Amino acid sequence: MEDFGIFYGSQALDLDAGLYVVHGENGRGKTTIINAIKWVFFGRFEDRQGRTVDPKGILNRDAKREGSTKFSVGLTLTDDDGVKTIARRTWEASGDGGLYVERDGKPLNQAEAEITLQNYLEKNVARFFLFDGEQLREYEELLFEEDEATQSEAVRRSIEQILGLPVLEQAITDFRAVDKDFEGKITKLARRTGKTEKLSRMVEQLETEVAEARKDLKGLEGLRDAEQEKVDQAATVLQENEAAQELVNQMEALQVQLETLTSQREERVADRKRELADTWEDALAIAVAPRREALEAEVEAHEVAARAAYDAEQIERSLAKIACDLCGQDLGDEVVARLRARLDQIELGEAEDGGHDPRQELAALLRITRSGAISRAIAFDERISEANTKRVGLEQDMEKIRDEIGRAPTDDIRVAGDQHAKSLEQIGAIKKQIEDAEAAINEKERKRRDLVQEISSNSDDDGEMKALKERDKLAADLADLFAEARAGFRDNLRGQVERDASDIFLRLTTDPNHLGLRINTGYGLETIGPNDEVFPTRSAGQEQIVALSLIGALNRNATRQAPVMMDTPFGRLDKRHRAKVLAFLGEMADQVFLLVHSAEVDEADLKAIAPHIKEELSLKRIDSFRTEIRRFEANG
Amino acid sequence: MRGSSASEKMLEALMAVRADKFPSVPEDLLVRVFELEQEAQYETERGPTQAMLRDLIVDWGDD
């Protein structure tokens, strides 16, 4: 590296096979080393927010102050056959920088240089070899998507590229093209004889239609890829703002509650208004209640007086006869005295009664009944008051959330969420169109082949035609052979990746209920427990373990050996998981490069794997803008 | 499975399919076209590779 990031001057890492541990505290350049490699391969790299870093900001500050206007990074790659490729990418403020690549001592032109590097490490594949433990989002689309239909095509293609499947797929494409070429020659040859001219013209017509259909198909695939890019971009925004997204969701839920509450409150207000219209009845009933009660007492007294008057009449009749009016018996003096006293009593009561009959007035008042409107109105009032209190509470909660969201780009998050959903829907629709288009093309191809077959059968089998037919058959057979082999090979390979990922996972996990991993057709991974049960959720640490298991499995099955570089891989792991990952690292690839800070691994951790460590290095702080790569010294 | 052994497995799979379903395809031709495809696996422009395969088939036929 020359004046790259925090690495002032020229600093190099000389690496062989084995496990290297590079110690560096925060800000000392661990991620810069990974970025340096990305710079060479891709001519760019992203910051933690996914934004491409401006090269002007990469030039080392002290070098810039000394007048330097360029930086560069060089890599020497040695492949399985021992062939060396040297690549150096330079940035120059004047714009004169560029890429230089020589392979096996021979300089390559620009196009060859870029293709050579791409062949070593394609951008989509890079994540499996340059592992950033703090950027798990890059792996989440692998680890979360259960449905192949929503799995990123780019991710699936990149995994299959590591596994070598493109060789078989390209062979199929190549042999189909060669087969078609021979069929074209057969058609032309048959046309010369005139026997099959009409059939030949039909073949040409179909070829034209297929060519057009393939153009349309390419257009659809372009649309699909464009929508997929929108999905990926939206997913990046959502994942980076996961916490804010959660707050936005809470806010939206509270908003819904608030709207419901407001609506209910309005209903209660209307109900109360309705009841208030009838409360006059209750008010009147309440007002007349004392008079009614008094009248009821009067009615009772009146009835008592009426009974007494009847008694008085009886007594007077008895006193007049000095004999009982009922039984006719003579009354004694004592009885007469008692009866006279009783009669006096009754007459006194009559005087008090005054003879007034209150029953009519009472009957009138009894018609004024309580409807209960006031009680109901009061009840609605209480509910309105409750709703007001709840509303205040909701608004306070929403205010708190607004503060927490702070400067989070909530509009961007909403837009990203909508875009994500919309684009996924579009992709689904486009995929269907692609399927239909492919089916239509296949049908036309089938018809074309049938026609060619017919032409072939109807042609004279002279020497030239016979040879062409044999070559055509051979090309077609080779295409079909590779297609057959690809299907079986892909399934076997996926099964092998599943077994290896599971095997590694069981070595890394600490949960005894984790029994393995299962891989779907999109290379998404599920954690399996007892009774084949799938664990529906995983913590961030567990996700990291699963991601490492997949990376380990892909490395085991890749057609090309590649080093694995891991930047801060232990941040989310507890001590036990960390120990297990460390113990496994030496087996992950032939060359493993571990960049860690002191809080991630301690002396005891590294002591346990010391026999496997090739070398320990450290990123030594010179000042805030300079780091030097040095041999590691404990307590240094 | 690594590098060359991954290729070996691929070739084994091809040979098995050949023996089972395409016995008329010459074994040595299959090996040769597979080698060609491996060498050209990173080529984006397929024309030259297809031309080589075509010539190989023609030459085999002539032999």
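Me: Before we go on, what sort of model is it, and how are things labelled?
Reply: The model is predicted, so local features need pLDDT of at least 70 and side-chain atom pairs count only at pLDDT 80 or more, while totals for chains, interfaces and linings use all residues. Residues are numbered from 1 along each chain as its sequence is written, chains are lettered from A and ligands numbered from 1 in the order in which they are written, and side-chain values use heavy atoms, with hydrogens and water left out.

Me: Ok, how many salt bridges are there between chain B and chain A?
Reply: Three. A search over all chains of the whole structure finds 52.

Me: And which elements of chain B touch chain A?
Reply: Helices H1 (3–21), H2 (27–39) and H3 (47–62) of chain B each give two or more residues to that side. Helices here are DSSP runs (H or I, at least four residues; strands are E, at least two), numbered from the N terminus. H1(B) gives the most, with nine residues.

Me: What classes of residue are on that side of chain B?
Reply: There are 18 nonpolar, seven polar and nine charged. Ala, Val, Leu, Ile, Met, Phe, Trp, Tyr, Cys and Pro count as nonpolar, Asp, Glu, Lys and Arg as charged, and the others, Gly among them, as polar.

Me: How many residues are in contact across the two chains?
Reply: 34 residues of chain B contact 39 residues of chain A, where contact means heavy atoms within 4.5 Å.

Me: Switching to chain A: at what angle do H10 and H13 pack?
Reply: H10(A) (residues 279–321) and H13(A) (residues 373–405) pack at about 120°, with their axes 7 Å apart. Axes are lines fitted to C-alpha atoms, for helices over the stretch in contact, and angles run from 0 to 180 degrees between N-to-C directions. That makes H10(A) oblique to H13(A), since angles under 35 degrees count as roughly parallel, over 145 as roughly antiparallel, 65 to 115 as roughly perpendicular and the rest as oblique.

Me: Who's making that contact?
Reply: On H10(A), A:Thr279, A:Asp282, A:Ala283 and A:Ile286; on H13(A), A:Ala373, A:Ile374, A:Ser375 and A:Ala377.

Me: Which residue does A:Glu313 form a salt bridge with?
Reply: A:Arg317, with the closest N and O atoms 3.1 Å apart. They're separated by about one helical turn, because A:Glu313 and A:Arg317 are four residues apart in helix H10 of chain A.

Conventions
A salt bridge is a side-chain nitrogen of Lys or Arg within 4 Å of a carboxyl oxygen of Asp or Glu.
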